[in-house]
Amino acid sequence: MGEHVNLDRLGGHVSGSLEQLRTRSDAAARVRAKLAAGAGRSRVNSLPSRIRIRKSAVLGALAVAATVLVFAFGVWRESRRPLTFVVGAAAGAAGASSPGAAGANGVIGSFLAAPPDAELPIAFSDGTRMSVAAGARARIADVTPRGARVLVESGVVHASVVHKSDTRWLVDAGPFEVKVTGTRFDVAWQPGEQAIVVTLHEGSVVVSGCGLADGQRVSGGQQLHASCKTGAATLSPLTAEAPAAPSVATPTPAPLTASPPQPVVMTASSLPDAPADAPRERAEHGSTTAAASPAGGAGSAGATASGASPAAAAPASPLAVATAAELLARANADRYAGRFDAATESLDAVRRRFRGSDDAATAAFELGRIAFDGHHDFGAAGDWFDTYLRERPAGALAREALGRAIEARHRAGDTARAEQLATRYVAMYPDGPHATLARRLASRPGATP
Amino acid sequence: MLTPIRQSKPDTERRERAGAPRDSVVRELRPGLAGGLAIGAPSDADIALALRDGKTAASVMLFDRHARHVERLLYSLLGPEPDAEDLLHEVFLRAIEGIGHLDEPGKLRSWLTGISVHTAREHIRKRSRRRWLSFVAEVPEPPPPPARVASEEITEATRCTFEVLRGMSADDRVLFSLRFIEGLEMGEIAVACDVSLSTAKRRLKDAEKHFLSRARRFPALAPWIEEGGRWAST
């Protein structure tokens, strides 16, 4: 109560003090004048208030923007961070385990040797799973934010790569390179035999190296056997009774030149059938689609390459009987839907069956677009655009092909070729859509004329 | 149950309670306000009805009758305040614009008290927010220290009192000021703050506690917060 009395007294003193101040002020008189004049809220009261509101809004917006930036930066940093991987039991890949081996964070370049009686699982941070088969040896040579490079030293590596638009995975086996964009496959490598077996369960990969210098596409349900020693390459369909995994799970793959059943056999030398600097022409599994018809004929069933048996003819697929226009339309539809593998198959069929035609050249251009836009494989894209230009130097798509070839070479780091093409572009299409890029490249000091 | 509104204590009584000498009584009415309403002038209800009818002259009549009360209330709630004039203007503009919401025209004065309290509380909160954002925002000028109109001791106590009040929440500050500076009864406080009497009492108790705990840091306030201090005996 005593404190209350004191506070009353304090308040009384404060009140008296304020009263003296108040009576000295003539604020009331001014407000009265404003009211008498019918004035609304004064600028002092209203305008700054609005400004204050705006300031608060600006501050709020800045705070939100800062939060968004921090978040975006975090996401960007995360996306730029190379993948990580775990080796061993903790990787938990499809129940595979290495007895007694605890999972450990993987070290780039370290030697991964699976025990003789168990697989060694590897789990990547993007969800990709690999497994080094019993007795096999491998290394993770490099990891990037978009994938990794895996070296198969010997034996079999099973892979299940998570597909994303910018995925970039490579599996090296001796002189062979398997380019992956998202798929499930096995790679078996026998160093002694210099032989590779690539078994595709889903998706597709491109295998290059040795006799497959220009690359061989292997699609789901196919198996590629290739050997550096013999120079032979065999692409065959997987059979139901011979599941792919077991066929390559053993460190000893089947003889490369006698793959079952009735395979399409291509000698390595037969693959670069196209002009020397052209991208590889793809082979379809099955006799009706695998054959490249040199005369651009009707693609008759039974046409084979290098001794493929006509007896192996499978029921005609749409790729074998459709017209070029139909195949191109189908490829376009698949490309628009992002089904690049299917689009590629249709275009490959056009290239094989209608060789030398305008449609075949158009297919080359479209393959370049898929390589460029779909797979970001700029080297391959450049090759396809070059193919179009070689086949149809004055074709309807020549300007676009030349422009995109410049872009592709430039992005692939092939500066000399890009500058060469750029010079040509500026001379031919000074007002073309790629003229700015072309001029910039052509005007570089030391640009190849 | 709210207690009926009673007129606040006359200034003279408050000054005596505070120990202020009688000869320091300030002039009650100033020119311009004093002559506004004579005996027989319209009642609060008449003014309210005239305002509702949109009569411009009624605004001035309203001001003349209640400006002193409102201004004084704002001083009690906010202390010396650079925006005092704007706030006074704001209270009357709100009253004039919102006169349609006044249910009982006879209770114009208590309605204005409520608007004043609301406006002052809003101002305190706005100022607190700006202070909180001061690391990036433009900081408004702090209120000027009270001019030396009272003894040095009282002036310092007034400054320290508002220093303490600035650190309190808007609700605590308003309750404390209405009770101890403005000298309103609890019933009036409850109506002005639009809370029940028991809530007003409970909150005032809290506000008092908060004030005392902060006030101990200010030696100038020691005579008023220490029980048995010299002011208690006067």
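Residues are numbered from 1 along each chain as its sequence is written, while chains are lettered from A and ligands numbered from 1 in the order in which they are written. Since this is a predicted model, local features need pLDDT of at least 70 and side-chain atom pairs count only at pLDDT 80 or more, whereas totals for chains, interfaces and linings use all residues.

**View 1. Chain A at a glance.** Chain A holds 13 helices and 16 strands; helices (H or I, at least four residues) and strands (E, at least two) are DSSP runs, numbered from the N terminus. Of its 449 residues, 44% are buried. Here a residue is buried if 20 or more other C-beta atoms lie within 10 Å of its own, exposed if 12 or fewer, and partly exposed in between, with C-beta atoms placed from the backbone. Take the contacts in chain A between residues at least 6 apart in sequence: 48% of them join residues at least 24 apart. Two residues are in contact if their C-beta atoms, placed from the backbone, lie within 7 Å.

View 2. Helix 9 of chain A is mostly covered, with 14 of its 17 residues buried. Look next at His376(A), in the loop between helix 9 and helix 10 (378-391) of chain A. His376(A) isn't a glycine, yet its phi is positive, at about 55°. It counts as partly exposed because it has 17 C-beta neighbours inside 10 Å.

**View 3. Two helices crossing in chain A.** Helix 11 (residues 398-412) and helix 13 (residues 435-442) of chain A pack at an angle of about 50°, and their axes are 10 Å apart. Axes are lines fitted to C-alpha atoms, for helices over the stretch in contact, and angles run from 0 to 180 degrees between N-to-C directions. The two helices are therefore oblique to each other; angles under 35 degrees count as roughly parallel, over 145 as roughly antiparallel, 65 to 115 as roughly perpendicular and the rest as oblique. Where they meet, helix 11 brings Ile406(A), Glu407(A) and His410(A), and helix 13 brings Leu437(A), Ala438(A) and Leu441(A).

**View 4. Helix 4 of chain B.** Chain B has ten helices and zero strands. Helix 4 (residues 84-97) of chain B reaches 20 Å from its first C-alpha to its last, close to the 20 Å expected for its 14 residues. Eleven of those 14 residues are buried, so the helix is largely enclosed by the rest of the structure. Among them are Leu87(B), Leu88(B), Val91(B) and Phe92(B).

**View 5. A loop residue in chain B.** Asp194(B) sits in the loop between helix 8 (186-193) and helix 9 (197-215) of chain B. Its phi is near 60°, a positive value in a residue other than glycine. Asp194(B) counts as exposed because it has 11 C-beta neighbours inside 10 Å.

View 6. The mean pLDDT of chain B is 75, and 71% of its residues reach 70 or more; pLDDT is the predictor's confidence in each residue, from 0 to 100. Residues 1-13 of chain B have pLDDT below 50, and this stretch has 23 contacts in the model beyond near neighbours in sequence. Over residues 228-234 of chain B, pLDDT also stays under 50.

Methods: Expected span 1.5 Å × (residues − 1).
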